[in-house]
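Hello,

Here is the structure I promised to pass on to you. Please have a look at it first, and then read on for my notes.

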Amino acid sequence: YTSVLTIPAVQALNGTTVVCADGGSPTIVGNSTLNIQLATSPGAPSNVQSSMVCTNSLTIQWTMSASNSAVSYNVILTNISGTTVARNTTTSTMTTIGDLIDGTNYTVSVTAINCAGSSNSNSVSVQTL
């Protein structure tokens, strides 16, 4: 969380429900303002790499961003013509994709997701055996 929204406490407490993304409570500063931290999009995953490549499957792993604010990751596998071949969503920093064609070049892109949006993607190219 990097953004802070400050609004008059009277306005916020006068019939307005405040929900914090992290499940915490908003902070009242003095008796006049209410500070609410707003979630921001997560940082992009780094070090995307293939950790195991077989004839018809591959395992991809990555490192979460330093902000560690991702709730899940979208993993998209495309072939050389840019057609999406597989799409996985996972909460882990590793996933295995199967039912691939042997000897084929693919690009795997990983994007971090949270309630505020998605990160830029990072990619790796890999060829099945």
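What pattern does the protein follow when read along the sequence? The answer is β-α-β-β-β-β-β-β-β-β-β-β, and the secondary structure comes to 1 helix and 11 strands.

Before the details, a word on confidence. This is a predicted model, with a mean pLDDT of 81 for the protein and 71% of the residues at 70 or more. Residues 6-23 are the stretch to watch: their pLDDT is below 50, although the model gives them 27 contacts beyond near neighbours in sequence. Where pLDDT is low, the predicted coordinates should not be read in detail.

If you take the contacts with a separation of 6 or more, 58% are between residues 24 or more positions apart.

Now to the strands that I looked at in detail. Strand E6 (residues 72-79) is joined to E9 by 8 bridges, and the two run antiparallel. Within this pairing, Thr78 stands opposite Thr107 in E9. E6 also pairs with strand E7 (residues 84-90), again in the antiparallel sense, over 6 bridges. Here Tyr73 has Thr90 in E7 as its bridge partner. The hairpin of E6 and E7 has 4 residues between the strands, and Gly82 in this hairpin takes a positive phi near 90°.

Is Asn114 buried or exposed? Its relative accessible area is 10%, so Asn114 counts as buried, the cut-off being under 20%. What does the side chain of Asn114 reach? It comes to 3.3 Å from the backbone oxygen of Ser69. Leaving aside residues up to four places away in sequence, Asn114 touches Thr40, Ser41 and Pro42, and also Ser69, Ala70 and Val71.

Best wishes

Technical notes: Residues are numbered from 1 along each chain as its sequence is written. This is a predicted model: local features need pLDDT of at least 70, side-chain atom pairs count only at pLDDT 80 or more; totals for chains, interfaces and linings use all residues. Side-chain values use heavy atoms; hydrogens and water are left out. Buried means under 20% relative accessible area, exposed over 50%, partly exposed in between (1.4 Å probe, protein chains only). A polar contact is a pair of N or O atoms within 3.5 Å; within protein, one must be able to donate a hydrogen and the other to accept it, and residues adjacent in sequence count only if both atoms are side-chain atoms. Contact means heavy atoms within 4.5 Å. Two strands pair if DSSP finds at least two bridges between them. pLDDT is the predictor's confidence in each residue, from 0 to 100.
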